[in-house]
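Here is a short briefing to read with the sequence and the model side by side. Take a look at the picture, then work through the points below.

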Amino acid sequence: MHHALLRFGSKSGLESILFYIFAALAVVGAILVISHDNPVINALSLVLTLFSTAVLFIFLLAHFLAAIQVLVYAGAIMVLFIFTVMYLNLREESLSFDSFNKPMRLSILFVLLIVSGFIAGLGFKKGLMLNGAGVSLDDFGTVRGVGDLLFRTYLLPFELTSVLIVVAIIGVVVIAKRRLD
Amino acid sequence: MAVSIVHYLVLSSILFIIGAYGVITRRNLIVVLMSLELMLNAANLAFVAFSRALGDMTGQIFVIMAITVSAAEVAVGLALVVSVYTHRQTLNIDILRMLKG
């Protein structure tokens with residue numbers, strides 16, 4: 001049954017080096033998303049972050065999810081964002097309203113509160129460090145493993161998702177076709 | 001130093017905070033939606049990290065559901081953005097106060 005048990009923190013230095021590289025890329029992309037003024041560059045930075053996250057999914061043995069992430073997030077959703085930005089053809093003067101003046105101090109305070117909360121939480125939850133949990137490499141995260149779980153145990157939520165998508169499609173068509181007075 | 005689940009959780013919380021900061025500070029409606037995607041993505045990373053640490057694939061099922069929901073949300077949100085822009089000629093959320101929010 002247990003062919004190759006892979007510990008969480010494998011001792012190979014390559015994985016940790018790659019983790020730090022792609023984590024840094026994800027953070028840089030996220031900062032560019034919220035700091036740059038051009039929406040096209042924002043969208044492309046979001047692609048950088050989502051792609052780096054997909055690589056991290058591979059380190060976490062979620063290979064199928066990494067493929068889904070690249071296809072759906074970095075592919076379809078990003079095309080939708082960039083299409084909207086291009087379609088609306090936002091002019092330069094309409095982009096320059098984005099200034100960091102009024103809510104600056106309040107939001108910085110808010111962010112610092114969240115950061116300190118997370119750091120404190122992580123400090124308290126030392127017991128959550130489950131590094132020793134080995135995982136059998138057989139089906140973990142592959143199409144077979146995820147599909148088996150998705151189509152047996154979680155069949156009803158999976159089918160309900162299709163209802164959600166139909167509702168979303170109908171909603172989008174209704175919103176887009178509505179006469180504007 | 002081996003990479004543990006805490007590394008992934010710290011990265012996830014950093015990405016979440018950056019996304020929340022974008023939602024709070026930015027005034028462009030499209031960029032607010034992008035920051036929202038950033039927050040969802042950070043939550044997905046935490047789900048996958050816990051799934052790996054616990055050796056339970058249920059977290060990955062949750063991520064599939066979250067990706068589906070966020071795809072539907074982005075489609076509806078961008079349709080609303082296009083509708084609002086053709087109606088009001090702006091995407092500044094300080095000007096778009098039809099709902100008095």
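The score used here, pLDDT, is the predictor's confidence in each residue, from 0 to 100. You are looking at a predicted model, and chain A has a mean pLDDT of 79, with 70% of its residues at 70 or more.

**Confidence along chain A**
- Helix α2 (residues 39–59) of chain A has the highest mean pLDDT among the elements of that chain, 92.
- Helix α4 (residues 92–95) of chain A has the lowest, 50.

**Where the chains meet**
- The contact draws 73 residues from chain A and 63 residues from chain B.
- On the chain B side, α1 (5–25), α2 (29–54) and α3 (58–88) each supply at least two residues.
- The largest share of that side, 22 residues, comes from α3(B).
- Sorted by class, the side of chain B that touches chain A holds 42 nonpolar, 17 polar and four charged residues.

- A:I114 sits in helix α5 (residues 104–124) of chain A.
- A:I114 counts as partly exposed because it has 15 C-beta neighbours inside 10 Å.
- Neighbours within four places in sequence aside, A:I114 is in contact with B:I17 and B:A20.
- A:F83 is 31 residues away from A:I114 along the chain, and their C-alpha atoms are separated by 34 Å.

**Helix α7 of chain A**
- Helix α7 (residues 155–177) of chain A has 23 residues, so at 1.5 Å a residue it should span 33 Å; its end C-alpha atoms are 34 Å apart, which agrees.

How values were computed. Residues numbered from 1 in each chain as written. Chains lettered and ligands numbered in written order. Predicted model: local features only at pLDDT ≥ 70, side-chain atom pairs only at ≥ 80, totals over all residues. Helix = DSSP H or I, 4+ residues; strand = E, 2+ residues; numbered from the N terminus. Contact = placed C-beta atoms within 7 Å. Nonpolar A, V, L, I, M, F, W, Y, C, P; charged D, E, K, R; others polar. Expected span 1.5 Å × (residues − 1). Buried ≥ 20, exposed ≤ 12 C-beta atoms within 10 Å, placed from the backbone.
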